[in-house]
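Hi everyone, thanks for coming.

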Amino acid sequence: MRAPSARTVLAFAAVFTALVLQVSVLSRLGLPAATPPLLLVVVVAIAIAAGPTTGVIVGFSAGLLLELVPPAVGSLGQVAAVFAVVGFIAGHYPVRSERPTVATCALTAGLAGGSTIVLAVLASIFGSAVVTWSVLPVYVVTSALYAGVLAIAVIPAVSLLYKGATDSPNPSRHWA
Amino acid sequence: MRDIVRARALLGILLLVSLTLVLVDVRGSGAVAGLRGITAAVVGPIERAVTAATAPFTAAVRSMTTFGDQSDRTAAVTQDVQQLHDGSANQNQIASQANQLQSMLKLAGIGGYRVVPARVVGYGSFVTFTGSVTLDIGSRDGIEKDMSVITGDGLVGKTISVSPTTATVQLMTDSKVVVGARLEGNGQVGALQGAGKPNEAQLRMLDPTVDLSVGQKLVSFGSPDGRPYAPGLPLGTITALHGTAGQVDRSATVVPAANLNSLDIVGVVVVPVRTEARESVLPTPAPSSSGSASPTPSATEVTP
């Protein structure tokens, strides 16, 4: 066992900060419909910076944490699975620059909207909630919109921090 | 390339783990509650601190985002005042409400209901179809599972899990929640179910032929021993009717009395577990109380 690397610490610090901010600050702002999905954006940012393997692990952990911290209710595993897939998909996106591009924002928005739909479907399959389909489109659109806006700031920031924490020549091995 | 192969394998494994977790929970294992308890003990205090630190910021933003609600409320209150001035038409209703309120107050006083104030420090967020919030008080403040949570306006929900410093509240608009409801005035009974929308619930009356009208108010029917729902708490107002009288699937849309979109300060009703307390309180009119000398039929309507 090695001591956790700077990048491991950074990833979990980013995930934890995003989690607390989302649950205790963003969700209390009373913005229309969906809560700004900061945690999902951070997962996308880390996956973009570090590749699909890291993306899958960080996504799964972040999703599981979101299902554990108060005020989470219901079953575990659905958000973890969806966020793992989000990390996997975003991890395939090649990093070109630290600047936010239209493409990265669109990708984040798409993943946020898509994950909202998948979570609603999973919730109705596993019976963890009675889904009202008529309100779903509003949540999908607002969630995607908030994610796209957050991506403008979050993705470059995480990318810079991640590049700064270079203590290993091969970042993808950290998670293996 | 190797990274992608490994990522795929890992994704497969983790998806299987997720499925296992979901199924374990469906079977009703207590392990999830245990894990949540540990997480709540660790993260709860952090949520409390962050909420306290960002309170001015959130309050400022919220005053902008909920502006529409406030102006709606002002309009509603103005209308109420107008109706009160108009007088006579509503007098029976008002008298009945006053009676019920009085008996409820008496009930609360003699039953010894105590309300512990709390602050909402976390909102369920990814869950667009379930509603839950975190409070900054927990078991060390005397909070237990299955207690009513209210605001000054009405019922918010019930506590569903408690850690030493935090409590998780399931909102009455959660799609899995059903609250026993009673129409104010005629005392008819129905079930109020969360609609999976943030600030809306569906009412179904036990007797589908009951007269319903937009603007009618609902109070909670109350659970045995007042847990999880204490009796007589305002639930909401009917805003729309679906179906005609007598139709089996007749329902009504209800907007909760408490604004569940922007909760901040709430109270937890700490009901003492006193069996049959209400039985001894209600049937006979209190001899020495000045205002309610007449035997009020509505007083008995409040008892479940």
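The expected span here is 1.5 Å times one less than the number of residues. When I say helix or strand, I mean DSSP runs, numbered from the N terminus: H or I of at least four residues for helices, E of at least two for strands.

A word on where this comes from: this is a predicted model, in which local features need pLDDT of at least 70 and side-chain atom pairs count only at pLDDT 80 or more, while totals for chains, interfaces and linings use all residues. Residues are numbered from 1 along each chain as its sequence is written, and chains are lettered from A and ligands numbered from 1 in the order in which they are written.

Back to H1(A). Its buried residues include Arg7(A), Ala11(A), Leu19(A) and Gln22(A). Buried means that 20 or more other C-beta atoms lie within 10 Å of the residue's own; exposed means 12 or fewer, and partly exposed is in between, with C-beta atoms placed from the backbone.

Now zoom out to the whole of chain A. Of its 176 residues, 60% are buried. If we take the contacts in chain A with a separation of 6 or more, 76% come from residues 24 or more positions apart. Two residues are in contact if their C-beta atoms, placed from the backbone, lie within 7 Å.

Next, please find H2(A), residues 38–50. How many of its residues are buried? The count is 13 of the 13, so H2(A) is largely enclosed by the rest of the structure. From first C-alpha to last, H2(A) reaches 18 Å, close to the 18 Å expected for its 13 residues. Just after this helix comes Gly51(A), with a positive phi of about 100 degrees.

How do we describe helices that pack together? Two packed helices are described by the angle between their axes and the distance between the axes. For H2(A) and H3(A), residues 52–68, the axes come within 7 Å and cross at roughly 165 degrees. That makes H2(A) roughly antiparallel to H3(A). The axes are lines fitted to C-alpha atoms, for helices over the stretch in contact, and angles run from 0 to 180 degrees between N-to-C directions. Under 35 degrees counts as roughly parallel, over 145 as roughly antiparallel, 65 to 115 as roughly perpendicular, and the rest as oblique.

On the H2(A) side, the residues that meet H3(A) include Leu39(A), Val43(A) and Ile46(A), and their partners in H3(A) include Val58(A), Ala62(A) and Leu66(A). By class, this contact has nine nonpolar, three polar and no charged residues. Nonpolar covers Ala, Val, Leu, Ile, Met, Phe, Trp, Tyr, Cys and Pro; charged covers Asp, Glu, Lys and Arg; the others, Gly among them, are polar.

Further along, H5(A) and H6(A) pack at about 145 degrees, with axes 7 Å apart. Their contact divides into 14 nonpolar, seven polar and no charged residues. H5(A), residues 102–126, has end C-alpha atoms 36 Å apart, which agrees with the span its 25 residues should have. Gly127(A) follows H5(A), and its phi is positive, near 70 degrees.

In H6(A), residues 136–164, look for Ala157(A). Is Ala157(A) buried or partly exposed? It is partly exposed, with 14 other C-beta atoms within 10 Å. Its C-alpha is 9.8 Å from that of Val42(A), 115 residues apart along the chain.

Finally, over to chain B, which has seven helices and twelve strands. Of its 304 residues, 37% count as buried. One of the buried ones is Leu155(B), with 28 C-beta neighbours inside 10 Å, and you will find it in strand E4, residues 155–162.

Where the chains meet, 55 residues of chain B are in contact with 49 of chain A. H1(B) gives the most to chain B's side, with 14 residues. That side divides into 25 nonpolar, 22 polar and eight charged residues.
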